Amino acid sequence: TTTLRALERELGESVLRGEPKGKLTRPIKVVHWLSDVFGFSPRANSENELIERIREDRHPIVAIDNCHNLFLRKVGGFDGWEAFIRIVNATCDNVLWVLAVNQAAWDYLHNASGRVHYFRRVLELPSWSEDEIRRLLMTRMRRARYRVSFSDLVVTELEGTSLSAQIGRTAQGYFRLLWDSTGGNPRLASHFWLDSLVPDGEREVRVHLFSTPPISELERLPDNIVFVLTAITEHENLSIEEVAQTMNLPHDFCAFACRFCLERGLLSRDGETQRLRLSQRWQRSVLRFLKRKHMLRD
């Protein structure tokens, strides 16, 4: 999302941006949604009509976020995704399409299609380095005019070493631990950084160690709950109704399973759409757990 927002500034060209808000699995729904993205009125009513109108349009760069919302893991649930790919490939001679997909969803789609895709170039965004994470967080604190102290993390004072040098080493160790715990993901790093801060007077904060969720809690989950977590992870976000469709399980059980995971903080619910996704706190732990259990494709 951040990369797509930077396209216009980096390329010096106007960028048309769009994203499917919910799961669009029917080709006609995808056609109508893309017509709205391009501002076509009236909407196109077929793939061929939409393709012709896009070819005549004057938007050279189109950035689509959350492309994982174009499929559901069920019979007929890939029709929207396949229609979208046909439209992209039929118009890519005069339009630069830049598409963003959640990593877990892309891994699933890539494997489900026999590792055959129809994109000219696939880029996996690299993790941020430890130094980049540190600079991001400390720059934000300076801009907010907060002073940060790492002195509480100093366990014992070393003879012959100044306190300022020890605090510097301690801060370096903290950011190394933060980077390792979040896999270099800046959003997760920001979450755990805020979890570490303790107010100490006017615009001053002290840094304590953050706590990461224990894998042992995930090991105790029943298999059906783990399957529900896997489905939500593979799709990035789902409603309870969509969980039931992809799992082929009763709606009442899926509602219970989602409520169970919400109460334990494993999932979070979007306040506007009510859709479910992994919570920031548990995201890294759940991904590691599901990959270790061979529930996610890599």
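## Overall chain

The model is predicted. Its secondary structure consists of 13 helices and eight strands. Along the principal axes, the C-alpha atoms fill a box of roughly 75 × 50 × 35 Å.

The chain has 298 residues, and buried residues make up 42% of them. The accessible surface comes to about 17,000 Å², with 48% of that area belonging to carbon and sulfur atoms. Among contacts with a separation of 6 or more, 64% are between residues 24 or more positions apart.

## Helices α2 and α3

The axes of α2 and α3 lie 10 Å apart, and the two helices pack at an angle of about 20°. An angle under 35 degrees counts as roughly parallel, and α2 and α3 are therefore roughly parallel to each other. The crossing of α2 past α3 is left-handed.

On the α2 side the contact is made by P27, V31, L34, S35 and F38, and on the α3 side by E47, L50 and I54. By class, the residues of this contact of α2 with α3 divide into six nonpolar, one polar and one charged.

The loop between α2 (27–38) and α3 (47–56) contains P42. The peptide bond leading from S41 to P42 is cis, with omega near 0°.

## Helices α10 and α12

Helix α10 (residues 223–235) and helix α12 (residues 251–263) cross at roughly 80°, and their axes come within 10 Å. That angle makes α10 roughly perpendicular to α12, since the range for this label is 65 to 115 degrees.

From α10, the residues N224, I225, V228, L229 and I232 take part in the contact, and from α12 the residues F253, A257, C258, F260 and C261. The contact of α10 with α12 has nine nonpolar residues, one polar residue and no charged residues.

L266 sits in the loop between α12 and β7 (267–269). With a relative accessible area of 3%, L266 is buried, because buried means under 20%.

Leaving aside neighbours within four places in sequence, the contacts of L266 are L218, L221, L229, C261, R277, L278, S279, W282 and V286. Two of these, L229 and C261, also belong to the contact between α10 and α12. L266 and A231 are 35 residues apart in sequence, and their C-alpha atoms are 13 Å apart in space.

## Helices α8 and α13

Helix α13 (residues 280–292) packs with α8 at an angle of about 125°, and the two axes are 9 Å apart.

The residues divide into two nonpolar, three polar and four charged.

L194 also lies in helix α8 (residues 186–196). L194 counts as exposed at 59% relative accessibility, because the cut-off for exposed is over 50%. L194 and D36 are 158 residues apart in sequence, and C-alpha to C-alpha they are 38 Å apart in space.

Which backbone angle of N66 has a positive value in a residue other than glycine? For N66 it is phi, near 55°. N66 is found in the loop between β2 (61–64) and α4 (79–91). At 18% relative accessibility, N66 counts as buried.

R145 is likewise a residue other than glycine with a positive phi, near 60°. R145 is placed in the loop between α6 (130–143) and β4 (147–149). Is R145 buried or exposed? Its relative accessibility is 68%, so R145 counts as exposed.

Definitions and conventions
Residues numbered from 1 in each chain as written. Predicted model: local features only at pLDDT ≥ 70, side-chain atom pairs only at ≥ 80, totals over all residues. Heavy atoms only, no water. Helix = DSSP H or I, 4+ residues; strand = E, 2+ residues; numbered from the N terminus. Buried < 20%, exposed > 50% of the residue type's maximum accessible area, 1.4 Å probe, protein only. Axes fitted to C-alpha atoms, helices over the stretch in contact; angles between N-to-C directions. Nonpolar A, V, L, I, M, F, W, Y, C, P; charged D, E, K, R; others polar. Contact = heavy atoms within 4.5 Å. Areas by Shrake-Rupley, 256 points an atom, 1.4 Å probe, with all protein chains shown as cover. Parallel < 35°, antiparallel > 145°, perpendicular 65-115°, else oblique. Left-handed = near helix turned anticlockwise from the far one by under 90°.
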